[in-house]
Amino acid sequence: MTAQCGCEGFFFSGVDPKRFAHPQVKWPFLPYSFIIYRVALALYQAAALASVVIFWGVPPFYADVDSKSKWFLYISDWAFVMTTIYLVWAALTTVYWHARGEKQNDPGFFFHDRRAGGERPPPRMKHNLSSRDRKTMAVMGAYRGRMTWYFKLSWFLQVMSCSSQMAVVLFFWAFSSDLTKTKMNFFTISVNIVSFLLVTADFLLSAFPSRIFHVFYTVVFGCSYFVFIYIYQNMMGGLGVNGDSFIYEDYLDWNEHPMMSYMVSIVAVVVVWPLFHLFYFALYWIKYAMTRYCWSGSSIERKFSDQE
């Protein structure tokens, strides 16, 4: 719990890196089954993103548009790109970790040249080390494994993806002007529904932890979107698709409804986005409790506990 309450709670450290390359509970044929799972998600999401970019604004898949560059005006497409980056990066880092990263991160390899006979140190190596070596390992965080930069980035991307995908669900189903005019096909469902289900399922299946103070980063992401739209419409005079004054009709229209746009932006950033993060934070502790106490025999919590 100390990592949640202290300054460390704002950062992406103090966690066993093995968490980011393993599922929450033990799967058959690990690590190959988890690697296949990661790669499959990444390939699907990358293919879906490529398809959406190619066919967006092309009838009959989408309504005709005046410029394909306006694809990036919607929060759903911001979130879709973020989710794709996360899933692809998670797959790459998982493969790399099991191929090389785990060995490089192992404290036994760090002290390999200092052990006689050139053999791997015993499992309880830390009990046989000199005080100097103990201090060195403590500084490196090697008792628990050093948190790598690529897993920190993966953790950050997951935080962004989860909250932004919940924003997509809200904006698409609550703020879309007329769902009866929306073409419900593979592309629409992939962007507005499937991606949310994928990151939520991945959040539950993977062993990624969650910290409440990471809400700061989700707020920054939400704020970035609304500032971008404000600059685009109010300062640059940009228009929506096919010359419309709005991005989301009646809700995000700096030209015709500036006060409503202000209200939506402030409430979304200050209230709604933090609630998205709190939802996943609560979901993490439910997952943690269930796997630790209900499926303790197959949970990784006992093996890779970081005492958050």
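## Briefing: an all-helix predicted model

In this structure, N242 sits in the loop that runs between α8 (215-235) and α9. The model is predicted. The protein has 9 helices and 0 strands, so the order of elements from the N terminus is α-α-α-α-α-α-α-α-α. Of its 308 residues, 47% are buried. Among contacts with a separation of 6 or more, 74% are between residues 24 or more positions apart.

- N242 is not a glycine, yet its phi is positive, near 60 degrees.
- Is N242 buried, partly exposed or exposed? Its relative accessible area of 45% lies between the 20% and 50% cut-offs, so N242 counts as partly exposed.
- A glycine, G237, follows α8 and has a positive phi near 75 degrees.

**Helix α8**

- The helix has 21 residues, and its first and last C-alpha atoms are 29 Å apart. That is close to the 30 Å expected at 1.5 Å a residue.
- The buried residues of α8 are Y217, T218, F221, G222, Y225, F226, I229, Y232 and Q233.
- An α-helix has 3.6 residues a turn, so residues three or four places apart point the same way.
- C223 is partly exposed, at a relative accessible area of 33%.

**Loop between α1 and α2**

- F29 is found in the loop between α1 and α2. Its phi is positive, about 60 degrees, although F29 is not a glycine.
- Is F29 buried or exposed? The relative accessibility of F29 is 71%, and because this is over 50%, F29 counts as exposed.
- The peptide bond between L30 and P31 is cis, with an omega of about 5 degrees.
- P31 also belongs to the loop between α1 (2-5) and α2.

**Helix α2**

- The buried residues of α2 are S33, F34, I35, Y37, R38, L41, A42, Q45, A48, L49 and V52. The list includes the charged residue R38.
- G57 comes after α2, and its phi is positive, near 80 degrees.

**Packing of α7 with α9**

- Two packed helices are described by the angle between their axes and the distance between the axes.
- For helix α7 (residues 186-205) and helix α9 (residues 258-294), the angle is about 40 degrees and the axes are 10 Å apart.
- Which residues make the contact? From α7 they are F196, V199, T200, F203 and L204, and from α9 they are Y280, L283, Y284 and K287.
- By class, the residues of this contact divide into 7 nonpolar, 1 polar and 1 charged. T200 is the polar one and K287 the charged one.

**Y280 in α9**

- Y280 is part of helix α9. With a relative accessible area of 3%, under the 20% limit, Y280 is buried.
- Which residues does Y280 touch, beyond those up to four places away in sequence? They are C162, S163, M166, F196, V199, T200, F203 and S210.
- Y280 and T200 are 80 residues apart along the chain, and their C-alpha atoms are separated by 8.4 Å.
- C162, which Y280 touches, is itself buried, with a relative accessible area of 3%.

**S265 in α9**

- Helix α9 also holds S265. S265 is buried, because its relative accessible area is 9% and the limit is 20%.
- Leaving aside neighbours within four places in sequence, S265 contacts F226, L252 and W254. F226 is one of the buried residues of α8.
- From S265 to Y225 the C-alpha distance is 9.3 Å, at a sequence separation of 40 residues. Y225 is likewise among the buried residues of α8.

**Cysteines**

- How many disulfides does the structure contain? A search of the whole structure finds 0 disulfides.
- C162 is buried, whereas C223 is partly exposed.

Notes:
Residues are numbered from 1 along each chain as its sequence is written. This is a predicted model: local features need pLDDT of at least 70, side-chain atom pairs count only at pLDDT 80 or more; totals for chains, interfaces and linings use all residues. Side-chain values use heavy atoms; hydrogens and water are left out. Buried means under 20% relative accessible area, exposed over 50%, partly exposed in between (1.4 Å probe, protein chains only). Helices (H or I, at least four residues) and strands (E, at least two) are DSSP runs, numbered from the N terminus. A disulfide is a pair of cysteine sulfur atoms within 2.5 Å. Axes are lines fitted to C-alpha atoms, for helices over the stretch in contact, and angles run from 0 to 180 degrees between N-to-C directions. Contact means heavy atoms within 4.5 Å. The expected span of a helix is 1.5 Å times one less than its number of residues.
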